[in-house]
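Visitor: I have a protein model open and I am new to this. Can you show me how to read it?
Guide: Gladly. Ask as we go.

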Amino acid sequence: MQQGKNSKMPWAVVGSAWLMSFAMWVPAFSVPPMEHILKEEFFFTHAQASLLFSAPWLMIAIAAIPAGLIADRIGVRKAAGIGIIIIVIGALLRSTATSASSLLAFTFIYGLGLGWTFPNLPKLVSAWAPREKAGMAMGIFTTGIMTGAALGMALTMSLIFPITNTFQGVFLIWSIPPIAAAILWWALVREPPRNNLHDKPVSSSKTLFLKVLRNKYLWLAAVILLLNEFSFLNWTGWAPALLMLKGATPDLAGLLTSIALWVGIPTVLLMPRLAYKLGLRKPFLWLPSIIIAIVAWGAIYIDLSLMWLPMVLVGVADSTRIVVLLALPVELMPEEEVGTASGLVLSFGYSGAIIGPLVGGRILDITGSLDPSLLVLSGVSIAMAVIAFKLPETGNKTSGKNL
């Protein structure tokens with residue numbers, strides 16, 4: 001039986017969404033630590049190997065808007081539930097891959113599940129949570145993403161691969177969390193009442209769609225998200241290779257890379273509160289961008305023994321940017337346009353997640369080094385800082401005066 005919101009946190013829904021977000025991202029972030037193994041197994045170039053990491057984000061970019069439309073028709077709980085089943089199928093199939101083409105095809109199936117699930121989880125969590133606790137609920141949900149990504153990076157080479165000694169075995173073990181998440185999701189989560197879903201159907205009319213398209217600030221937010229995903233996926237996708245070029249073992253490279261994700265967990269909980277208290281948003285976009293620009297340039301010269309420091313700084317800075325970016329469509333647009341705006345920003349912005357790792361891999365193929373890629377990341381972050389200054393301030397200190 002469906003129930004409306006009350007003042008209590010819906011822990012069954014939030015907990016299931018946390019497990020879902022954790023489980024859906026672990027398989028994706030098990031790929032970068034194994035990049036050298038997959039490259040040797042299938043005679044990939046680095047650029048080709050990057051597709052195994054970035055393909056799921058391509059599917060999210062493609063499926064984000066259709067997933068919203070489907071959820072409006074069948075309900076967000078069912079849509080996300082179907083998505084996690086597709087994730088399970090794709091994850092299990094990856095453990096049977098014997099060729100490059102089959103592994104890539106199965107990765108696209110896994111990515112399709114992400115595209116069905118990821119855009120709908122925040123909507124369901126916010127629909128069940130009381131308004132005054134919605135921010136807390138979304139912060140908890142987001143930590144699941146960070147935890148899944150961090151464990152995928154940290155444990156794949158240090159623990160999972162030594163047990164299985166095959167990449168297929170790694171994919172099989174990392175398919176267990178999605179299986180558990182799917183079972184609990186269908187057993188515990190219920191569809192929220194329709195009147196708790198504040199967003200209008202995505203692209204509910206041609207007029208609304210065209211109105212959203214004409215909003216220049218929304219496009220600025222979409223461009224910043226694209227550059228953010230370019231930067232973050234380039235960094236996390238190629239950081240293990242960068243660390244191994246500096247002399248790290250594969251398991252140490254995975255562990256060090258995971259630091260950027262672990263520090264993101266407290267960051268996504270604390271930074272929104274700090275932004276709310278200050279009543280400002282823009283500094284939480286341009287300042288982290290300047291920090292990452294400096295850190296990416298400095299990582300060229302930093303010794304392996306100190307590489308934990310760039311990982312910490314990038315993790316805090318990027319997590320700060322993403323948590324502000326994901327809230328921008330809500331803060332920039334009228335309530336009836338949020339659904340359409342969010343789908344468009346997500347679809348456009350996540351294309352950067354495909355371009356970033358591909359650029360890094362191509363640079364590594366041509367030069368044998370990732371130093372030029374770090375310079376590209378520095379330039380991308382500077383561009384983000386410049387664009388962030390052009391956005392209106394959406395914090396409560398200005399009360400929307402700049403909109």
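Visitor: Which residues is Trp25 in contact with, leaving aside its neighbours within four places in sequence?
Guide: A contact here means heavy atoms within 4.5 Å. In this predicted model, Trp25 touches Trp57, Ile60, Tyr110, Leu114, Phe118, Ile145 and Ala149.

Visitor: Which residues have the most contacts inside the largest nonpolar core?
Guide: Trp25, Phe29 and Trp57 do. That core has 106 residues. Helix H11, residues 216-245, gives the largest share of it, with 16 residues.

Visitor: What share of contacts joins residues at least 24 apart, among those between residues at least 6 apart in sequence?
Guide: The share is 86% in this protein.

Visitor: How many helices and strands are there?
Guide: The count is 18 helices and zero strands.

Visitor: What percentage of the protein's residues are buried?
Guide: Of the 403 residues, 57% are buried.

Visitor: Why does Ile74 count as partly exposed?
Guide: Partly exposed lies between the buried cut-off of 20% and the exposed cut-off of 50%. Ile74 counts as partly exposed because its relative accessibility is 35%. Ile74 sits in helix H3, residues 46-74.

Visitor: What is the accessible surface of the protein?
Guide: About 16200 Å². Carbon and sulfur atoms account for 69% of that surface.

Visitor: Where is confidence lowest, and where is it highest?
Guide: Read the pLDDT. Helix H10, residues 206-213, is lowest, at a mean of 64. Helix H8, residues 167-173, is highest, at 96. Two stretches also deserve a look. Residues 197-204 have pLDDT below 50, with 23 contacts in the model beyond near neighbours in sequence. Residues 399-403 are below 50 too, with eight such contacts.

Visitor: And what is the mean pLDDT of the protein?
Guide: The mean is 84, and 84% of the residues reach 70 or more.

Note on methods:
Residues numbered from 1 in each chain as written. Predicted model: local features only at pLDDT ≥ 70, side-chain atom pairs only at ≥ 80, totals over all residues. Heavy atoms only, no water. Helix = DSSP H or I, 4+ residues; strand = E, 2+ residues; numbered from the N terminus. Buried < 20%, exposed > 50% of the residue type's maximum accessible area, 1.4 Å probe, protein only. Areas by Shrake-Rupley, 256 points an atom, 1.4 Å probe, with all protein chains shown as cover. Core = buried A, V, L, I, M, F, W, Y, C linked by side-chain atoms within 4.5 Å. pLDDT = per-residue confidence, 0-100.
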